[in-house]
Amino acid sequence: MSVLASKRGESAVQFLDTAREIELYALKYAVKFPKRHFFVMTKDLLDLTKQGYNNVKSANSVYPTNPEEAQIRVNYVIHAICNYQALISQLDIAMSLITHYSAKGDDGKEKPVPSKVWEEWVRMISEELRLLSGLKKKLQNKYKENIEETNTD
């Protein structure tokens, strides 16, 4: 039986889908940036999105059976949060630096990067940060005793 869209809740693993969407979005738009910015800016943006996605996937692949593994899972989530925070900062710089696509318009000039591209990118990252922060709190509460055992040893 289907659930109405208005009654659907958030998936427990929505953070995985969102991280994947961010990486795909980055690949779709960042490769259009002028080549002169590749080694200065574009490569770093793509690296941060890949690191964030890899950390999210890694966190989801750890099934803790002891305190150390519980801490490892939380650490991957923390690293993903750091990646996306850094990505937001780098996007802010990129917005100032990269104003045009390398693709030429009908008039032979470079096309401007639409503001909606930047806005959507930041919206997706902000949503991922919200999801990851919630996941981090949930994991810390779930493994609280296990993590405390690790920290006191």
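A residue is called buried when its relative accessible area is under 20%, exposed when it is over 50%, and partly exposed in between (1.4 Å probe, protein chains only). The structure is a predicted model, in which local features need pLDDT of at least 70, side-chain atom pairs count only at pLDDT 80 or more, and totals for chains, interfaces and linings use all residues. Residues are numbered from 1 along each chain as its sequence is written, and side-chain values use heavy atoms, with hydrogens and water left out.

The chain contains 5 helices and 2 strands, where helices (H or I, at least four residues) and strands (E, at least two) are DSSP runs numbered from the N terminus. Their order along the sequence is α-α-α-β-β-α-α. Of the 153 residues, 35% are buried. Among contacts (heavy atoms within 4.5 Å) with a separation of 6 or more, 75% are between residues 24 or more positions apart.

Helix α1 covers residues 14-30, and its 17 residues should span 24 Å at 1.5 Å a residue, in agreement with the 24 Å between its end C-alpha atoms; the expected span is 1.5 Å times one less than the number of residues. The buried residues of α1 include Phe15, Leu16, Ala19, Ile22, Glu23 and Ala26.

Thr49 lies in helix α2 (residues 38-61). Thr49 counts as buried because its relative accessibility is 1%. Beyond its neighbours within four places in sequence, Thr49 is in contact with Ile22, Glu23, Ala26, Tyr84 and Leu87.
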